[in-house]
Amino acid sequence: METVTNQLVSIEKPEIVAPPDWQPVIIGILCNWCSYAGSDLTGTSRLQYPPNIRIIRVPCSSRVDTWFLIKSLQTTADGVLVSGCHPGDCHYISGNYFARRRFLVTKKLLNFVGFHENRIQFSWVSAAEGPKFAKVVSKVTEDIKKLGPLHLYKKENFEK
Amino acid sequence: MDYTKQIQEIATRLFAEDKIDVFVGYRLTGFDDNQVPALIRESKDVPLLVFNQKSVFNLSNYLKNDHTRNKRVGLVVKGCDSRSLNLLLTESQVKREKLYVVGIACEGVVDDAGQKMQNCLECMVPAAVVYDELLGEANMERRFIINADIQDMAAKELVQRREYFEEVFENCIRCNACRHSCPLCYCAKCCIDQETATLYNGANTTSSAFHALMTWSLHLAGRCVDCRNCEKACPSHLPLHLFHKWNERVIYENFQEHLAGVHEGDRGAFYKYSMQDPDDFIM
Amino acid sequence: MARVGVFVCFCGANIADYVDVPQVVEEAKRIREVKFAIDYKYMCSDPGQQQIRDAIAQHRLTSIVVAACSPRMHEKTFRKALSDAGMNPYLLEVANIREHSSWVHQKDKKAATEKASDLVRMAVAKSIANEQLHEISVPVTKRALVIGGGIAGIQAALDIADARIPVVLVEKSPSIGGKMAQLDETFPTLDCAQCILTPKMVDVASHPYIELIPYSEVLELQGFVGNYKVKIKKKASYVNFKTCTGCGACWQKCPVKVDNEYNMGIDKRKAIYTPFPQAVPNKPVIDAEHCTMLTKGKCGICAKVCEKGSIDYQMQDEIIEREIGAVVVATGYDMWDPKPYEEYGVGRFKDIITSLEFERMVSANGPTNGLPLRPSDGKVPKNVVFIKCVGSRDEAKGISYCSKICCMYTTKHTILLHHKVHDSHAYVFYMDIRAAGKGYEEFVEKAQVDTGTTYLRGRVSKIYKKGDKLMVRGEDAQIGQVVEVEADLVVLATAVSAPKDNPDLARLLGISYDKYGYLSEAHPKLRPVETAKAGIFLAGCTQAPKDIPETVSQASACAAKVCGLFAGDTMKKDPMISTVNTEYCSGCQNCVKVCPYGAIVTDEVPFGHGSKELRTVAKINEGVCQGCGSCVAICRSTAINLAGFTDPQIINEIVSI
Amino acid sequence: MSVETIVTDKAGLQKFYEAIIAKNETYAPVEKFGKYDFKLVKNLSECDPESPIAKTMSAKPLFFPRSAKIMKYVATSAGTDVSETDEDPLAGKRVIVGMKHCDARALQVLDKVYNWDFIDTDYQKRRLNTVVISTRCDKAETHCFCTSLDYDVENLDAMDVLIVNGNDGKVYIKSKSEKGIEFLNSGVTSHTSRVTEEAAGEELKKQYTAFSASFRLKMDYKSINEKLSKIFDTPEFENVSSNCVSCNTCAFVCPTCHCFKISDEKVKDTGVRYKSYDSCNNGYFTLMAGGHNPRPAKYRRWRQRAMHKFVYYKERFGENLCVGCGKCTTSCPVNISIFEVINQVSK
């Protein structure tokens, strides 16, 4: 099959110059049963990760509506991370399969209209993967630091 | 492509046999060769009906209309229109038994300047897929091709795409005509208009246009039939099809789902899943 | 306007060492809706909770934010504190500043404090949109379904029935009893399996609260906890159980001989048969596959000899429906087929048998009258080699888990062999001897001394034939040498494997199963008998390999769970489920399509105010909805919302960071 | 009021525009996606002052923006701090070129409603500081019917400077107000020659005659006004509105529609209150808190629109709210013509 949608060019180029003390804001939307429990395990294991992520708990990754991502990028966030149970492990049987499709299309569409692909990231983190959660958050934070503050389509005039 | 005579005959017959309450077709405007949709309710008005390459608007939009709800409706559909009709049937918005569908094997329609519409040049399903009666040659070719616009846009770099779409969102005046003219936007109240909390994006800013158009196009992802009612309605002439064609292509390349509305019962890519869906974009 | 109270916990030093707690309180006080904010050493302690209760009354608070540990830890505690103060418990939000801030940002107090403040602000914003929720009551049908009539099913059924709760017991084969009925004596006490099992089987048959449906299968399960509807296929037995007296004339006269499953095919049964003499119900069934009357229309002897006229060749499968409130799944296990062990000559050498075949032979009611015999020549074996871990703990050929019971039953087999053939000698090839259990280690020790069995630690690499003997070559790891043992009979301690029908059953019941086919429990430690689907419980080997005492314990645990579920006339349910705003619902029914539980049905409402026209909208079945939110996210018009995680709540969180 | 007329040629007009753009904050029609919208321009090549009416958005957003911040606030426990919004970007001294008479007339109509019971100071300021330069069309476009309405297109004084492309190949630039005179004397016309009004008068008349002859659509607005005011209950509204898809485009492109809605957008503690366009064609335009909707049916909303344009506004302010520009008709996805509709219902 001739593919065009999987070969988008996303170069790393900050949209605006970041102020020297700038720290990115990352919204993490985690499913209650796997990733939220995994993030708790990261805490109980005292594994350290960058403090830029703000976590929102949802019951299942399938609860994540596409506009959660759009709204986050449009208002407060420089990047979004959504994490759920591994395929097959969904507490609600099939939720993450539906979610996976929506995530892919949303990510591609936002990339298409000018968001760097690293602004919206996804992961599967199980309740046992505390170390993985720390690693994922570190990677996402690193990626977004490289990209700089998100300026695109932000609601005007809201000082952070 | 001129089925004026046939459609008038069918409409006359349907009214005579008391099979319909209203016939939705096209008529000429009072003064030029442009057409306006016509909701014919009496057989005496049937001679107003026309159908030719200027019959552009997707009439399945009218099935959410006050005048057609719960009525027996005769309806003219081209290929793309029939696909949206199929989705409306699948999504329980209309009852098949209340419809008499005149399908057209469409040879393409033209815009105001008389040029064949771009979506017609790239049409994948020219002939109606739902009909009680089909006018024209049914065995028309079906193909799935990459839209040239999409290819050009995808070849651009991120910054160029960003600049291009920033202009799109900037020129959007948030009139929501795209949504209202879309046959598949039938929600009682669109999520973008709901005053609940801050989901509401009433203001006409670049940011809110981005929010509204993204949400809208994602709600149509896997469902859009490329009739371009939205583009026709857009007073700013925005290239709205880019979003829909892009989503369509993403869905086709990743989930092998395409041609929304061709199969009855198919709700689109977001309402099913496969274990084999791509997983490599997820950490 | 909302009046929010914020309570920030030090958690001793857990939070306070890495987060500036007073600073978080100050930040919280800046928020418009926050009318009260305070910190405390241990918010979860009774004095801590008392502060919340007092503040609710004093400051007329409308919602509460507790910034402390993970909501997965203490949400319930604080909800209860709210209830005690007369406030709706769902007006609570927990900001997780321990697991998500103090513990993971221990090197940067400033950032951790900032993050904690943000998390509090998000929780405050969310709590403003919280609504009062009330636990949902669902009526309960007080009848349990037990699937499987082995010892697990029997025990569960009896325990539930003894609590005067009706039980429907469905068994696949013509008689209950399961694998235990095939055993001779049981470790570690060596009491006779039949002797302890058959009284229970009889109890089942005669219990006024148990409806035994043998020779049947579960076809379909619909509904939700407390309100299931099950369809059971009762296979045609061609014998009218109501009139049959079980006299046995039929099977004595039946001319067709078939391998006897009960005896592992060592002897034959008839086409009309009861599986074993103590079968319950003790009524024969016709094996339709082999009966010549049913296959070719010739014979009919059984009908002729039956004085009661109980034989009915026209009998059809019957579908029975029952309304039930809970399900206990006790489908047991299968013996693993050792075919992949080609180097042992499985299939080629007749004198290699499985442990269950050995068990049948040494059984008093077995095909050989309790004497182990070589299948090749019917001679009594003198040297018997037992090989353990055949299939178990062998990722390459079998399964990676330990089957748990093989060590013990092999020890038992050496004793049984010694009892039956006094001059015999047993050799055991083993990897480890796992004898954890009450009296197990003693049992093994004693058996080794009493029987004089030679234990060889190592795996068998090859078995070959030498004359009429089998040469078993393996490694004795303790002396580090290859050893060869001349054997008259080789017994393979084959692994326990999940019933091959388990995945089908799991799908039918809507529960999950692991990669081996064992059904999955809700939590491996804390909820080992429940499944993720409310009202469905697991007993016995269908969940994982177990011995009899463990199986019986789990079965009784299931019974306790079922009795607990049925303790009231209604059942309480978490109110965090989906709700439909019919005004916005356009009736597209996409939600129906994505709901994994079938919890969404359609309803009709008037088209407009006072209109006679009707339109279709979605309706949530409160009892079934588990609150995943799949329907919410795909609902384009946002007509569905998930209580506790509504759109306004989540938006408030997003925009308040 | 002394009136000045300047005569020049096409090249002179271009220079005139260039001088305006160089010396003033200038708004002009800029093409994007095949559609012109008034935007701030830096040089003439960006814009086209002679853009066709059908493809041009009205200049209304320069006075009544599609979305205006009317308030900004910070809400904390210390109280709500309401601050002025940023400086109004449309309030400074500026010039608009490329407007058409219908657009200019629309401002005249809008002035009435903005000077009525509540004086919209933002609007007033924008009006006061703006020099409106309007070009008289040469030829009517398909859906134009300005000459059939209650204003004198030939002698329209809604603009400060009038530009007419005479049939003789010359371009006539004429001041129509004090502001216009002042503006023409501000050094933007150094390359052009001046003539008296008498000398120009004849040519302007000729041009107008040719222009007014090019109209296809003609009606008698007086009889329309009168008939419409009597047929509130005619079932014909149901017929004419049946093919409307309620898309609201007409109201958003209309140069005189002035309904708006208020929305708050809040992030963290900071909120902004916006005033944005709304349309009476919208199904929930009249939805009240509590759920009652006096205009739930589409035909009622259509009737409201037609009546407001041709009856209610006239009753209150003495003028039709429609200026006959035809923008709604060209923008309509289903080609519904307001001209056809009002003529049909009042038949």
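How far apart do the C-alpha centres of domain 1 of chain C and domain 5 of chain C lie? In this predicted model, the two centres lie 32 Å apart. Domain 1 of chain C covers residues 4-128 and domain 5 of chain C covers residues 578-655. The two domains do touch: five residues of domain 1 of chain C and four residues of domain 5 of chain C take part in the contact. On the side of domain 1 of chain C that touches domain 5 of chain C, four residues are nonpolar, none is polar and one is charged.

Between these two in the assignment of chain C come domain 2 (142-230 + 318-333 + 500-570), domain 3 (236-316) and domain 4 (334-497).

An open sheet of chain C can be followed next. It has three strands, in the order β11-β12-β17 (chain C), and the pairing is antiparallel. Strands β11 (216-224) and β17 (318-324) of chain C form the edges, each of them pairing on one side only. From one strand to the next, the twist averages 20°. Between strand β12 (residues 227-234) of chain C and β17(C), which run antiparallel, there are seven bridges. One point of reference in this pairing is Val230(C), whose bridge partner in β17(C) is Arg322(C).

Further along chain C, strand β22 (residues 425-430) and strand β23 (residues 454-457) pair in the parallel sense, over four bridges. Here Phe429(C) stands opposite Leu456(C) in β23(C). The chain passes from β22(C) through α13(C) to β23(C), and the handedness of this β-α-β crossover is right-handed.

The helix of that crossover, α13(C), also packs against another helix. Helix α12 (residues 406-420) of chain C and helix α13 (residues 440-451) of chain C meet at an angle of about 35°, with 10 Å between their axes. Their crossing is left-handed. On the α12(C) side, the contact is made by Met408(C), Thr411(C), Thr414(C), Ile415(C) and His418(C). On the α13(C) side, the contact is made by Tyr440(C), Phe443(C), Val444(C), Ala447(C), Asp450(C) and Thr451(C). By class, the residues of the contact of α12(C) with α13(C) are six nonpolar, four polar and one charged.

Chain D is the next to consider. Its domain assignment gives domain 1 (5-65 + 87-213) and domain 2 (221-260 + 278-345). Taken over C-alpha atoms, the centres of domain 1 of chain D and domain 2 of chain D are separated by 27 Å. Contact between these domains involves 22 residues of domain 1 of chain D and 19 residues of domain 2 of chain D. On the side of domain 1 of chain D that touches domain 2 of chain D, 13 residues are nonpolar, three are polar and six are charged.

The remaining contact is between chains. In chain B, 41 residues are in contact with 43 residues of chain A. The elements of chain B that give two or more residues to the side touching chain A are α4 (148-155), α5 (158-171), α7 (206-219) and α9 (241-255). The largest share of that side, nine residues, comes from α9(B). Sorted by class, the side of chain B that touches chain A holds 24 nonpolar, nine polar and eight charged residues.

How values were computed
Residues numbered from 1 in each chain as written. Chains lettered and ligands numbered in written order. Predicted model: local features only at pLDDT ≥ 70, side-chain atom pairs only at ≥ 80, totals over all residues. Contact = placed C-beta atoms within 7 Å. Nonpolar A, V, L, I, M, F, W, Y, C, P; charged D, E, K, R; others polar. Pairing = 2+ DSSP bridges. Axes fitted to C-alpha atoms, helices over the stretch in contact; angles between N-to-C directions. Left-handed = near helix turned anticlockwise from the far one by under 90°. Right-handed = clockwise from strand over helix to strand, strands pointing away. Domains from an automatic or database assignment.
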